[in-house]
Amino acid sequence: MNKFKDKWPKVISNDCSNIALFILVLITFIFLSIEGCAKMKDHVYMGNISFSPDGKRLLFDYGKGDDDRMITIYDLEKESLNAYKPPKNEVWAMAKYSKDGKNIVFLSIPVIDGKQNLRNAQITIMDIDGTN
């Protein structure tokens, strides 16, 4: 008996989870194909993947290289992909949905002299449409 079975979020047990996982793998494959994996210095990053509280959207960090990440939302119902890019000299990372699903919370990390300055990182809140 799996002692963690009852601890997984309800969205994992949803029948749509397999479809969402397939779509996520497909999106990853498309991004990797478009960007070209041959350049190791320009590696493609995709991480911090999470579902919205209603299970209708996937949120993840995507980028090429360490300092070129953006917050990306894939709407499972509309089959649309939206990406929000940070201002120059800033990295956005570790995005998660708020409990009500109306906002995205993430780290805003300044880039100074080509290096991420984690000491001055800030927690930032943005509406899911990229405003505010």
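Leaving aside neighbours within four places in sequence, which residues is A95 in contact with?

**Figure 1. The whole chain, for orientation.** Welcome to a predicted model whose protein chain holds two helices and eight strands. Of the 132 residues in the chain, 33% are buried. The accessible surface comes to about 9,200 Å², and carbon and sulfur atoms account for 56% of that surface. Among contacts between residues at least 6 apart in sequence, 34% join residues at least 24 apart.

**Figure 2. The largest nonpolar core.** Ten residues make up this core: L59, I71, I73, Y84, W92, A95, Y97, I104, F106 and M126. Strands β3 (69-75), β5 and β6 are the elements that give two or more residues to the core. The largest share, three residues, comes from β5. Apart from this core lies another one, of seven residues, which includes I23, L58, Y62 and Y74. As background for this view, nonpolar side chains in soluble globular proteins tend to be buried together.

**Figure 3. A95 and its surroundings.** Here is the answer to the opening question: with neighbours within four places in sequence set aside, A95 is in contact with N48, S50, L59, D61, I71, I104, V105 and F106. A95 is itself one of the residues of the largest nonpolar core. L59, I71, I104 and F106 from the contact list are also members of that core.

**Figure 4. The aromatic pair of W92 and F106.** A search of the whole structure finds one aromatic pair. The ring centres of W92 and F106 are 4.9 Å apart and the planes meet at 50°, so the pair is tilted. Because W92 lies in strand β5 (residues 90-97) and F106 in strand β6 (residues 103-112), the pair ties together parts that are 14 residues apart in sequence. Are these two residues buried or exposed? W92 is buried, with a relative accessible area of 11%, and F106 is buried too, at 3%.

Figure 5. M94 is partly exposed, with a relative accessible area of 47%.

**Figure 6. The hairpin of β1 and β2.** Six bridges join strand β1 (residues 44-51) to β2, and the two strands run antiparallel. F51 stands opposite L58 in β2. This hairpin has five residues between its strands, with G55 taking a positive phi near 75°. Which residue of this view has a positive phi of about 50° although it is not a glycine? That residue is N48, found in strand β1. N48 is partly exposed, with a relative accessible area of 26%.

Figure 7. R57 belongs to strand β2 (residues 57-64). With a relative accessible area of 14%, R57 counts as buried, because the cut-off for that word is under 20%. What does its side chain reach at 3.4 Å? The side chain of R57 reaches the backbone oxygen of G101 at that distance, and a polar contact of 3.4 Å joins the side chains of R57 and Y97. Leaving aside neighbours within four places in sequence, R57 is in contact with S50, F51, S52, I73, Y74, D75, L76, Y97, G101 and I128.

**Figure 8. N117 in its loop.** Our last stop is N117, placed in the loop between β7 (115-116) and β8 (122-127). N117 and E90 are 27 residues apart in sequence, while their C-alpha atoms are 9.3 Å apart in space. Beyond neighbours within four places in sequence, N117 is in contact with I109, P110 and I112.

How values were computed: Residues are numbered from 1 along each chain as its sequence is written. This is a predicted model: local features need pLDDT of at least 70, side-chain atom pairs count only at pLDDT 80 or more; totals for chains, interfaces and linings use all residues. Side-chain values use heavy atoms; hydrogens and water are left out. Helices (H or I, at least four residues) and strands (E, at least two) are DSSP runs, numbered from the N terminus. Buried means under 20% relative accessible area, exposed over 50%, partly exposed in between (1.4 Å probe, protein chains only). Contact means heavy atoms within 4.5 Å. Accessible areas come from the Shrake-Rupley method with a 1.4 Å probe; for residues, only the protein chains shown count as cover. A polar contact is a pair of N or O atoms within 3.5 Å; within protein, one must be able to donate a hydrogen and the other to accept it, and residues adjacent in sequence count only if both atoms are side-chain atoms. Rings of Phe, Tyr and Trp (its six-membered ring) pair if their centres lie within 6.5 Å; planes under 30 degrees apart count as stacked, over 60 as edge-to-face and the rest as tilted. A nonpolar core is a set of buried Ala, Val, Leu, Ile, Met, Phe, Trp, Tyr and Cys residues joined through side-chain atoms within 4.5 Å. Two strands pair if DSSP finds at least two bridges between them.
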